[in-house]
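Let's take a walk through this structure together. Have the sequence and the 3D view open side by side as you read.

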Amino acid sequence: MGIFTRVIAAATVAMAAWPAAAVDIQERTSPGGIPFWLVEEPSIPIVALEISFPGGSRLDAEGQQGVTNLMTGLLEEGAGDLDATAFAIARDDVSARFGFSSGRDSVEVSARMLADQLEPSSALLALALSEPRFDENAIARVRGQVLSQIAEKETNPSTQARETWFARAFPDHPYGRPREGSAETVTAITRDDLAAAHGRVLRRTGVHVAVVGAIDAEGAGALVDRVLGALPEGATPDAEFEQIAPPPGVFVQELDVPQSVAIFGQQGLKRDDPDFIPAFVMNHILGGGGFSSRLITEVREKRGLAYSTYAYLSPLDEAAVYLGGVSTANARISESLEVIQGEWRRMAEDGVSEEELGKAKRYLTGAFPLRFDSNAKIARYLVFMQEEGLGSNYLEIRNGLIEAVTVEDIERVAGRLMDPDALSIVVVGKPAGL
């Protein structure tokens, strides 16, 4: 076991009992003018850094779908005067861990650094963000990996169902395109396209940053400037919210597989909607609560139709959706969907009982501290709070907001949100009876 792994294990044990409300969040600004949130935890010699650049794949130009994803995959493949091999050796020498990922609305950067190696570790991360090399051999290697993933998706019913659902819901919006692009668009991406995507997405303005660990405010401010200071200010990308109306009914995409996968959904709620918390609690009861949810009870436990089914609220920067899914044998998918639509209708018409609401509240408030058993999890959640505009006091008030939800609140939001006749359902496989 390496030194970083041993320290991570010790940190997880030491922080397992942290109550969420005990996390002391400091809102700070670096000397260079970059806002960030800080939680000091000196007992474990690790610093976790999370960064979110707004934009993501929705900024990909028409015909260049997948360019942000490919660019992100190359950030650790050489930077400055270090090629990919030299960069990896330098990173391993200081026991640092970096992660880069691209989503629909953001590019996410994660770093885990030993406190006594903070300066060289953060200097490497800064180099990766500000001076990626985009060497042709690295481009070819990572492009090949992406193309393999795209080819694999063509026979994956789950991926096909999700991408088809979004394509039908957002026919004229970047959300309707695959984040990784297509084989055609990825093959056509040039080094100049990657450099342009880098300049478009990685900029200081609008960035969300969280620092958690064995570091004080002065050191954290210097760290943030060291990592982000060389990036251009740029501009925060516009996000124009639009309501969506995905086509209702069932769309079948045939694929010769033994099991069908269905993705179902409708318009959701924005994160700042006053009804979002009641809707969140309602969905926990309907499909977000694992084995205690109504969908699992009706589809799996009572009828044995599928091993798993779920639902969740997904507020995006420019839209909001309410999604769910189920996967089962081709012969059972039709009945599974009938049961799910019935539960959608039952929630819309009857709401929930006091007993169901009480159980949901106890779980949602009691399990919340488990999200904060490591520096990395805390940092990730702090960035999420910034992205969603929740305010640094959200950890203190969150459980109170859930406790305040009543059956009347859920009845109201269910009547407003749930529309079984508007469910847009995509099934990929060879479903019988559809």
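Start at Q259, whose bridge partner in strand 12 is A329. This is a predicted model, in which local features need pLDDT of at least 70 and side-chain atom pairs count only at pLDDT 80 or more, while totals for chains, interfaces and linings use all residues. Residues are numbered from 1 along each chain as its sequence is written, and side-chain values use heavy atoms, with hydrogens and water left out.

Now look at the strands around that pair. Strand 10 (residues 259-267) and strand 12 (residues 320-329) run antiparallel and are joined by nine bridges. Strands here are DSSP runs of E with at least two residues, helices are runs of H or I with at least four, and both are numbered from the N terminus. Two strands count as paired if DSSP finds at least two bridges between them. The open sheet has five strands in the order 9-13-10-12-11, with mixed pairing. Strand 9 (249-254) and strand 11 (309-315) are at the edges with a single partner strand each, so one side of each has no neighbour in the sheet. From one strand to the next, the twist averages 20°.

With strand 9 it runs parallel, through six bridges, and E254 stands opposite G429. With strand 10, strand 13 pairs in the antiparallel sense over five bridges; here V261 has V428 as its bridge partner.

Is strand 13 mostly covered or mostly open? Six of its six residues are buried, where buried means under 20% relative accessible area, exposed means over 50% and partly exposed lies in between (1.4 Å probe, protein chains only). In a regular strand the side chains alternate between the two faces of the sheet. In strand 13, S424, V426 and V428 are buried on one side, and I425, V427 and G429 are buried on the other.

Axes are lines fitted to C-alpha atoms, for helices over the stretch in contact, and angles run from 0 to 180 degrees between N-to-C directions.

Next, turn to a pair of helices. The axes of helix 10 (residues 276-288) and helix 13 (residues 354-366) come within 10 Å and cross at roughly 105°. The two helices are therefore roughly perpendicular to each other, a label for angles of 65 to 115 degrees. Helix 10 brings F280, V281, H284 and I285 to the contact, and helix 13 brings E356, L357, A360, Y363 and L364; contact means heavy atoms within 4.5 Å.

T205 is partly exposed, with a relative accessible area of 28%. Leaving out residues up to four places away in sequence, T205 touches E233, G234, A235 and T236. Its side chain reaches the backbone oxygen of E233 at 2.6 Å, and the backbone oxygen of G234 lies 3.4 Å from a polar atom of the T205 side chain.

The last stop is K153, in helix 5 (residues 136-153). K153 counts as buried, at 11% relative accessibility. Neighbours within four places in sequence aside, K153 is in contact with T159, Q160, E163, P178 and E180. The side chains of K153 and E180 make a polar contact at 3.0 Å; such a contact is a pair of N or O atoms within 3.5 Å, where within protein one must be able to donate a hydrogen and the other to accept it, and residues adjacent in sequence count only if both atoms are side-chain atoms.

Definitions and conventions:
Angles under 35 degrees count as roughly parallel, over 145 as roughly antiparallel, 65 to 115 as roughly perpendicular and the rest as oblique.
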